[in-house]
Every structure is written in C-alpha cells, then in structure tokens.
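Q: I have a structure open and want to learn how to read it. Can we go through it feature by feature?

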Amino acid sequence: MDYDYIIVGAGSAGCVLANRLSARSSSTVLLLEAGGGDLNPMLHVPAGWAANFKNPKVDWGYTTVPEPELDNRELYWPRGKVLGGSSAINGMIYIRGVPLDYDSWAQAGNRGWGWEDVLPYFKKSEDQVRGASDTHGNEGPLAVQDVRDKRAIQDAFIDALVEQGVPTTEDFNDGDQFGSGFYQFTQKNGRRHSTATAYLRPVRRRANLTVVTHAYAERIGFAGKQAETVHYSVRGVQHSARASKQIILCGGAVNSPALLELSGVGQADHLKSLGIDVVHHLPGVGENLQDHLQAAMVYGCPAASSINREVSGLRLVSAAMKWFFLRDGPLTTGSAPVGGFIYTREGLDAPDVQLHFASGATLYNAEGKIKPTKYPAMTAVVNQSRPESRGHLHISSADPREYPRIQPNYLSAEIDRSTLLAAIRFLQRVFESKALDNYRLERISPAPDRVGDNALMAHVRATANTVYHPVGTCKMGADSHAVVDDRLRVRGVGGLMVADASIMPLLVSGNTNAAAIMIGEKAADLIET
C-alpha cells in the first residue's frame, strides 16, 4: 500500500500528527500502533493509571540494566503500548517546563524552538478549563482541567510548603514555576483525556486516515539513503507500506532509536556487530538518554485523611459508583494532585526540584503491580528538574522483538546526587512543619533512624525510581551527535523524521507529556505539503 505519510507509533505525538496531517484532504496517512485499541475501561478511569502498569496489553514493560549508583537495581520502565501511548497510562499531570528549557534548545542551534516559538503550539493543543489567556488556549483538542477531588490534607501540605518559604501559585505553566499548589490534569469531566481520545477519536473515520493496531514495526526500508517503506507485522503476518513523502517515527525515547538501529541507522560498528547492514553511520542514535529520578518520603496519617482506605476493599465499590455516576471522588485522581517547584541553592535561573504529593501511599506487590498500602499514609516525592547524568540505550540483537539494553546512568553526575539529597532534606522540613501537625504520624520511609546524609543517600540508592520521563535518544541539534535537525529530519538520510520526546536535546523541567504533544503539533507544521 502507498501513502503520503506513515506515522510509526500512535502515542502522545503520533496521534497529534495523525489528526493534523489527515486534515489535509489531499494527503493519505497511515498510523501504525504496536498495541491495541483503548477500550479497556481502566485506561479512562484516572486513578486506574497504576493498574495499567505491567499489563502487557497496554504497557511495553521495559527494564533497565543494573544501575551502579542505585545499588545495581534494575528499574521498571512503563511505556504505553496502546492507542494514545504513554498519554493513555500516565499520571496525567500537565506541566510544560520553563522558558529556560526551550531557550536552551534554541541556543544549541535549534532555530524555532525557543519559548516564544513553542508557546503557540502549547496554546494550539490546549482546551484550558480556565479560559484563554496570553499563555493558554481554550480551542485545542486537549482538555486541561483542575483537580476535582480536593482534600484538607492537600491544603495542609501546601501550607507546609508556604511555611518553608514556597509561595502558592495558581499556574505552573505561565513561565514561572516557583511555587506550590494544585496541579492540573489532562482530563475531561473526570475522565482521562489521552491523545487517542483528544486527537484521534474525532477524526478516526476520515477517509484519508488508516489506523492499524497490533502493527509491530520491524524495519524501515531504504533505497540508497532514502527512506521509502515500513516493514511491520500484524499478529505474525508480514506487511509493508510505502510513503511517498515522509515516514515519521513517533515511538518515543525507547522505540524510535531502536527502530533506527534495526533499520541500519546508528553507530556503524555496533550495527555491524549485530549483523545489520549499515545505511548511515549516525553515532548519536540511542545516546543522550535523560530521565527524572524520584526519591520518596512516606508518613503515616489518620485513616480518615488517607485515600488508601477509599480505594481498597468494599469502599472501592462506593468510589467506583461515585466515579461512574458523578465523575467525582478519589477515582478522578491522577498520580499527584498537589506539588511545587523549589530552589535548592542560590544563583539558579529556574527552580531545580519538583515535588509531587499524594494523600496516599503505594507499594509494588509480588507481581510488580502498584497497589495501595494497607496502612493509611501520605507520600511526597522529589526529583531534580534538569539532571546532568546521561545514559544510553541500544539494541542488543537484530531481532526486533528483543528489547533494547537501557542504561540511564542515574546519579552518575555529582550535582544530581547533591541536589537530590538537598531535596530530601527540604522535604523532611516540609513534613515537620506545623501545618501538618494534625496529619503527621510516624515516618515510614525512610526509616526514622535514617537521619544523616549518608543514611539518607543510602535510602535514595535503595529506593529511588524513575518518574517515567525518558527523553533525548534522538537528539535534535547541529553537533556530531545530533540525530535530527531543527526540522526533525533524520540527519544524513531522506524521507525520515522523528517527532516525539526522543528529540529533546535537554530534559524539560517537569512532566514531559505536554511537551511531547507540543512536539507533535510543531512537527505537523514543519512537514511540507
């Protein structure tokens, strides 16, 4: 089959591109997704985000190699494998980052990617419940709404942050993050609003748009150095499709570089060692891996204040009914309703740490699933906004079904270790604030006897985990390790683009889904008709 455009991956950016490119009635678009449709009800119940982890029907379920700075632990990396991609299983927090993030992209030689350049695309995507403003839009496909299930303990945590010198803010996305308050979620009327729901579903019946699920992309076919075809399988049956104008990879920070390598684009010596014919030597493929690493602090709290008891046992039935009939209650909650951005040291142009707070606590059970703890508790996590540690990921076989080897190298930079330690220290002061006196019981994690720097760092190494924000493995730029240029074209070949979180040269200061959607919006405009 021949199409004008083939999009590989129906995730946060892929669904955006499917919508925008198929709006050009003269163009034909093929959208390939390795996962299935998004009919599973748990994809639409906001609090069901954790239940989707480790579900092979909707989650790739990647695992890192042992991490040297984290007690050689292998970390689980959930990535969406379903229409909507990770926007269908994430915590739904809507954060863009700060102007510094994007201005740094532009200063590295990426024309058109500064804050003032990308802001119109954030606004274009957004249906902001609070209305339009200089920094927000309300006519876009993506619903951005306020927290529906607000609780006194959440207000108390915000008051505790204020006690520690962090002012309240109504908007973390207007260019100045410093502050504390309620996050906004990508939800609509108490339901998750993934890009599959927001962008793809309204246009699914367009005659010029073909969507194929369970389509496992295995290789890009080249004529010389011109990308022409995508070879994929559907339930074991081989298929291929030809693109007359552009093939666009939207598989994310893991799958996009892996597919490039499987197709002969990457580090030549590595590809040759796997028996893969080299189409183009591009050493940056799979390099520059960045991710946010979180450290948690958990305290017991009165049962009436913890969400745990409301989503366990018979009370879960009541919560489910409240959500089903009223679109209200604890099941409308994303990963963390409350948080903030702080400075851990002077001389910075933007906050360097993000906080998330939830009036509950979870643990991984024996099957690796996230479940509420049986004891009532509250949890806060901190992560460094702009880590300096860099990792990499590469395929380890020519078999497209074999997962790549993921090495994030968390905490390999000293500044990352010192910043996370300072953040944990700050979080301790927040929990000890007077505002939480009526809610704070004994500290559960780290153990109460872990008080010194060495003990707290030992806790971090033993428990820190990903915030699920991998980026950077198909870096945009002009240097020798750049994979795409500032028009997102893969360097050294024709007819091939990457448009997803993998193109970020530097990780943004916050949750990455909004930025990935923005990349999809901007990519559509960069593609010539």
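Q: Which residues is asparagine 110 in contact with, leaving aside its neighbours within four places in sequence?
A: This is a predicted model. In it, asparagine 110 is in contact with Trp105, Met476, Gly477, Asp486 and Pro505. Asparagine 110 is found in the loop between helix 2 and helix 3.

Q: Is asparagine 110 buried or exposed?
A: Buried means under 20% relative accessible area. Asparagine 110 has 1%, so it is buried.

Q: What does the side chain of asparagine 110 reach?
A: Look for backbone atoms. One is the backbone oxygen of tryptophan 105, at 3.1 Å. Another is the backbone nitrogen of glycine 477, at 3.2 Å.

Q: How do I read the two faces of a strand?
A: In a regular strand the side chains alternate between the two faces of the sheet. Now take strand 2, residues 29-32. Val29 and Leu31 lie on one side, Leu30 and Leu32 on the other. All four are buried, and both faces of strand 2 are covered.

Q: Which strands pair with strand 2, and in what sense?
A: Strand 1, residues 2-8, pairs with strand 2 in the parallel sense over four bridges. Here tyrosine 5 has valine 29 as its bridge partner. Strand 11, residues 209-212, also pairs with strand 2 in the parallel sense, over four bridges. There leucine 32 has valine 212 as its bridge partner.

Q: What unit do strand 1, helix 1 and strand 2 make?
A: Follow the chain from strand 1 through helix 1, residues 14-22, to strand 2. The three make a β-α-β unit, and that unit is right-handed.

Q: What should I look for in a nonpolar core?
A: In soluble globular proteins, nonpolar side chains tend to be buried together. Here the largest nonpolar core has 79 residues. Those that touch the most other members are Ile6, Leu17, Trp113, Ile247, Ile248, Leu260 and Leu488. Helix 11, residues 513-526, gives the most to this core, with eight residues. Another core, of 57 residues, lies apart from it; Tyr62, Ile93, Cys301 and Val353 are among its members.

Q: Which residues does isoleucine 6 touch?
A: Leave out residues up to four places away in sequence. Isoleucine 6 then touches Leu30, Leu32, Val230, Ala241, Arg242, Ala243, Gln246, Ile247 and Ile248.

Q: Which residues of helix 3 are buried, and what do they pack against?
A: Helix 3 covers residues 115-125. Its buried residues are Trp115, Val118, Leu119, Tyr121, Phe122 and Ser125. They pack against helix 2, strand 5, strand 6, helix 5 and helix 11.

Q: How many residues of helix 6 are buried?
A: Ten of the eleven, so helix 6 is largely enclosed by the rest of the structure. Helix 6 covers residues 252-262. Gly252, Pro257 and Glu261 are among the buried ones. Glycine 264 follows helix 6, and its phi is positive, near 95 degrees.

Q: Are cysteine 15 and cysteine 474 buried or exposed?
A: Cysteine 15 is buried, with a relative accessible area of 0%. Cysteine 474 also counts as buried, at 0% relative accessibility.

Definitions and conventions: Residues are numbered from 1 along each chain as its sequence is written. This is a predicted model: local features need pLDDT of at least 70, side-chain atom pairs count only at pLDDT 80 or more; totals for chains, interfaces and linings use all residues. Side-chain values use heavy atoms; hydrogens and water are left out. Buried means under 20% relative accessible area, exposed over 50%, partly exposed in between (1.4 Å probe, protein chains only). Helices (H or I, at least four residues) and strands (E, at least two) are DSSP runs, numbered from the N terminus. Two strands pair if DSSP finds at least two bridges between them. A crossover is right-handed if, with the strands pointing away from the viewer, the path from the first strand over the helix to the second runs clockwise. A nonpolar core is a set of buried Ala, Val, Leu, Ile, Met, Phe, Trp, Tyr and Cys residues joined through side-chain atoms within 4.5 Å. Contact means heavy atoms within 4.5 Å. A polar contact is a pair of N or O atoms within 3.5 Å; within protein, one must be able to donate a hydrogen and the other to accept it, and residues adjacent in sequence count only if both atoms are side-chain atoms.
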